[in-house]
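Okay, I've got one structure for you today, and I'll talk through its packing and one of its sheets. Let me put it up on the screen.

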Amino acid sequence: MNVLISADMEGVTGVTAPEDVHPGTAAWERFRRLFVRDVNAAIAGACDAADDAQVIVTEGHNTMRNLLIEELDERAQLIVGHHTTYVMMEGIDRGIDLVFLVGYHAPAGAVGVLSHTFLGKGLLDLTLNDETCSEGRMNAMLAGSFGVGVGLLTGDQAACADATRYIPGVRTVAVKEQIDRYSALCLPPAKTEAAIRAAAAAAVEDATAHRPLVADPPYRWSATFANPSSAGRAALVPGVERVEAGTVTWSSDDFATSYKTFQVVAMLVGVSFESPVFD
Ligand SMILES: [Zn+2]
């Protein structure tokens, strides 16, 4: 039983503010300890359910250097760093049987704690085949393209509701209830760790029930930006077409190719902002 845990930080126990997840801040130093606790709970659950569990944790936040490996459950291995092929899902090509999405968040435009889709600002809406595409959905689709299902998602209630939309029946653990993008009613780690561990164990126990999320090609993406200049930058990527002042589209029959195109668009737009005032 090979489990890949894709670990993001906005949906971690207690996290509610941008500085909580911003590397280098005192708040981030505090919350990276809670981050590893949520992840360790998921590792422990997988190992509770399967003696032979092999767990790879892949960092999914910012520059992918947040988790404290010295505090990571010794039964897991950790992929660190963002110069990878599959970004938040690096390792999905390593013979994985089941995926967990831990610490996830609602998409851009949704009322959820630190809601966004890759870019912390500037991306108003992202759709895949005409439906909102959160990080969770695109990563579940990428796993599906490798024949792997998602057994568990943790985050705020908005992230859990989002996951239930794109994967009906998926097991979720809400560690907090969003009040606003920057506030939430939070459960303490003593409660969330137990809930995550139990849900992870249950997900491994019925691993075969978690069928891969797949959809027929073509995979048509649309991204709308607050700043029209962002669309202009994005349209420099081969295959990406600017269809409105602030909107670009692209399409591919190969899911991984379409996913990588989004990654390039997001990276390019992310480094193209000229001014915090005019962005
Ligand atoms: Zn993140």
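Leaving out anything up to four places away in sequence, Val-99 touches Leu-4, Met-89, Ile-92, Ala-143, Val-148, Gly-149, Val-150, Gly-151 and Leu-152. Keep in mind that this is a predicted model.

Now zoom out a bit. Val-99 is among the residues with the most contacts inside the largest nonpolar core, along with Met-89, Ile-92, Leu-126, Trp-221, Phe-225 and Trp-250. That core has 50 residues. Which helix gives the largest share of this core? That's H6, residues 255-270, with 7 residues. And the core takes at least three residues from each of two domains, domain 1 (2-209) and domain 2 (219-270). There's also a second, separate core of 41 residues, with Phe-31, Ala-41, Val-175 and Val-204 among its members.

Okay, on to the sheet. Five strands make an open, antiparallel sheet, and the order is S6-S5-S10-S12-S11. At the edges you've got S6 (131-132) and S11, each pairing on one side only. Over at the S6 end, S5 (residues 123-128) pairs with S6 over 2 bridges, and Leu-128 has Glu-131 as its bridge partner.

Two helices to point out here. H2, residues 135-145, packs on the sheet and touches S5, S6 and S10, with its direction at about 30° to that of S5. H6 packs on the sheet too, touching S5, S10 and S12, and its direction makes about 15° with that of S10.

Terms used: Residues are numbered from 1 along each chain as its sequence is written. This is a predicted model: local features need pLDDT of at least 70, side-chain atom pairs count only at pLDDT 80 or more; totals for chains, interfaces and linings use all residues. Side-chain values use heavy atoms; hydrogens and water are left out. A nonpolar core is a set of buried Ala, Val, Leu, Ile, Met, Phe, Trp, Tyr and Cys residues joined through side-chain atoms within 4.5 Å. Buried means under 20% relative accessible area, exposed over 50%, partly exposed in between (1.4 Å probe, protein chains only). Helices (H or I, at least four residues) and strands (E, at least two) are DSSP runs, numbered from the N terminus. Domain bounds come from an automatic or database domain assignment. Contact means heavy atoms within 4.5 Å. Two strands pair if DSSP finds at least two bridges between them. Axes are lines fitted to C-alpha atoms, for helices over the stretch in contact, and angles run from 0 to 180 degrees between N-to-C directions.
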